[in-house]
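Take a look at the fold before reading on.

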Amino acid sequence: MSEAHYPLNDFVEYPESEMLQRAEDNYQQVKRRHSIRKFSNKAVPQEIIEKCILAAGTAPNGANHQPWHFVAIQDPKVKSQIREQAEELERAFYAGRAGEEWLEALKPLGTNAEKPYLEHAPWLIAVFSKKRTDNHVTGGEQKSNYYVHESVGIATGFLIQALHHAGLGTLTHTPKPMSFLSKVCGRENDNDRPYMLIIAGYPATDATIPEHALEKKPLSEICTIL
């Protein structure tokens with residue numbers, strides 16, 4: 001593969017005062033991002049979802065192998081299949097498979113095995129990680145990917161931020177095991193592994209935020225300056 005390099009010509013340097021304001025503006029916007037569990041069925045244009053996925057695809061990753069694949073789902077039948085199989089797993093989870101400590105930690109959030117938003121929200125985005133590269137990325141045969149979990153995690157964060165920035169509500173969902181997503185999404189192979197399910201759409205008019213979810217640790221607890 002080519003080792004050519006190109007000048008960095010799209011970086012924008014701002015005055016420090018503007019940098020601080022931009023950082024503050026971004027913080028204030030991100031503070032409005034909440035995980036919601038009640039979605040409107042109001043349609044969201046496919047083009048918006050595609051742009052957000054393109055943003056996720058710019059995330060830093062190991063060797064630029066881009067070890068991810070996103071399946072954007074709006075088909076009601078497919079969403080119904082996902083809900084049915086996810087709720088079956090969730091019933092076992094809340095019946096005791098999770099363990100008492102985990103279930104106790106979830107109580108302030110008021111969650112349960114019922115996941116109607118999996119059908120009601122206009123879009124589900126299934127995120128898959130890939131163990132090996134696609135041929136077109138490496139310019140030849142498939143090769144191993146590196147830092148796959150970290151790379152896909154960063155890309156998923158980019159996706160959530162992009163959806164929020166576009167004006168949509170989101171929720172992360174990680175049913176265990178998630179192998180059913182491979183079949184539903186047509187990704188049954190030894191290369192793709194389901195990583196996370198993102199629910200995206202407009203909040204319902206009666207959407208709420210658990211008080212517990214508003215408790216954020218202060219800077220002194222999440223940051224050390226050396």
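Is the crossing in which H2 passes H7 left-handed or right-handed? The crossing is right-handed. Keep in mind that the model is predicted.

## The helix pair

Two packed helices are described by the angle between their axes and the distance between the axes. Helix H2 covers residues 46-56, and helix H7 covers residues 148-166. Their axes come within 8 Å. They cross at roughly 140°.

H2 brings Ile48, Ile49, Cys52, Ile53, Ala55 and Ala56 to the contact. H7 answers with Ala155, Phe158, Leu159, Ala162, Leu163 and Ala166. By class, this contact of H2 with H7 has 12 nonpolar residues, no polar ones and no charged ones.

## The sheet

The sheet is open and has 4 strands. Their order is E1-E2-E4-E3, with antiparallel pairing. Strand E1 (68-73) and strand E3 (169-173) stand at the edges. Each has a single partner strand, so one side of each is left without a neighbour in the sheet. On average, neighbouring strands are turned by 25° against each other, direction ignored.

E3 is joined to strand E4 (residues 192-201) by 5 bridges, and the two run antiparallel. His173 stands opposite Leu197 in E4.

## Helices on the sheet

H7 also packs on the sheet. It touches E1, E2, E3 and E4. The direction of H7 makes about 10° with that of E4.

Helix H3 (residues 76-97) lies across E1, strand E2 (123-130), E3 and E4. H3 runs at about 110° to E1.

Key
Residues are numbered from 1 along each chain as its sequence is written. This is a predicted model: local features need pLDDT of at least 70, side-chain atom pairs count only at pLDDT 80 or more; totals for chains, interfaces and linings use all residues. Side-chain values use heavy atoms; hydrogens and water are left out. Axes are lines fitted to C-alpha atoms, for helices over the stretch in contact, and angles run from 0 to 180 degrees between N-to-C directions. A crossing is left-handed if the near helix is turned anticlockwise from the far one by less than a right angle, and right-handed if clockwise. Contact means heavy atoms within 4.5 Å. Ala, Val, Leu, Ile, Met, Phe, Trp, Tyr, Cys and Pro count as nonpolar, Asp, Glu, Lys and Arg as charged, and the others, Gly among them, as polar. Two strands pair if DSSP finds at least two bridges between them.
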